Amino acid sequence: MYKRQVQEAWSRSDLVRMRQLMTPEMVGYFSEELTRNASQGVQNLVSEIRLLKGEVSESWHEGDLQYATAYLRWSAIDYLVRIGRSPDAPDYLVSGDPRSAVESEEMWTFVRRRGGSWLLSAIQQV
């Protein structure tokens, strides 16, 4: 599942994998967020990602580019931890709950050259 691949790359701060899944603009956005988190000494961990609902809401062509926007409702364990602290340290958890899933709704837009691989090009919170 595409959502899971993106979230796993995010949790690992894996820009190489993100470049395989996203447009350069989206990689730049994610890279800025990862840099901001690192400068604050925190890391966002996301696991147990489950797609609860997904449907294509629109698709279109512009020249040889194809676009599709999908509505995604998903749940995941999503929390922020302090880098370099052990999980049993009192200041390890910054926010969220590593034991409880949260739900989110987003619109994801993808783009590809005709016949190519889909790349994530935009995310909008619903």
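This is a predicted model: local features need pLDDT of at least 70, side-chain atom pairs count only at pLDDT 80 or more; totals for chains, interfaces and linings use all residues.
Me: What makes strand 3 and strand 4 a pair?
Reply: The cut-off is again at least two bridges. Strand 3 and strand 4 (residues 119-125) have six, so they pair. Their sense is antiparallel. Val-111 has Leu-119 in strand 4 as its bridge partner.

Me: What lies between strand 3 and strand 4 in their hairpin?
Reply: Five residues lie between them. Gly-115 is in the turn, with a positive phi of about 85°.

Me: Why is the chain's pattern written α-α-α-β-β-β-β?
Reply: Helices and strands are numbered from the N terminus. The chain has three helices and four strands. Read along the sequence, they give α-α-α-β-β-β-β.

Me: What makes a residue count as buried, and what share of the chain is buried?
Reply: Buried means under 20% relative accessible area. Buried residues make up 34% of the 126 residues.

Me: Which side chains are called positive or negative, and how many of each are there?
Reply: Lys and Arg count as positive, Asp and Glu as negative. The chain has 15 positive and 17 negative side chains. The centres of the two sets lie 4 Å apart.

Key: Residues are numbered from 1 along each chain as its sequence is written. Side-chain values use heavy atoms; hydrogens and water are left out. Helices (H or I, at least four residues) and strands (E, at least two) are DSSP runs, numbered from the N terminus. Buried means under 20% relative accessible area, exposed over 50%, partly exposed in between (1.4 Å probe, protein chains only). The place of a charge is taken as NZ of Lys, CZ of Arg, CG of Asp or CD of Glu.
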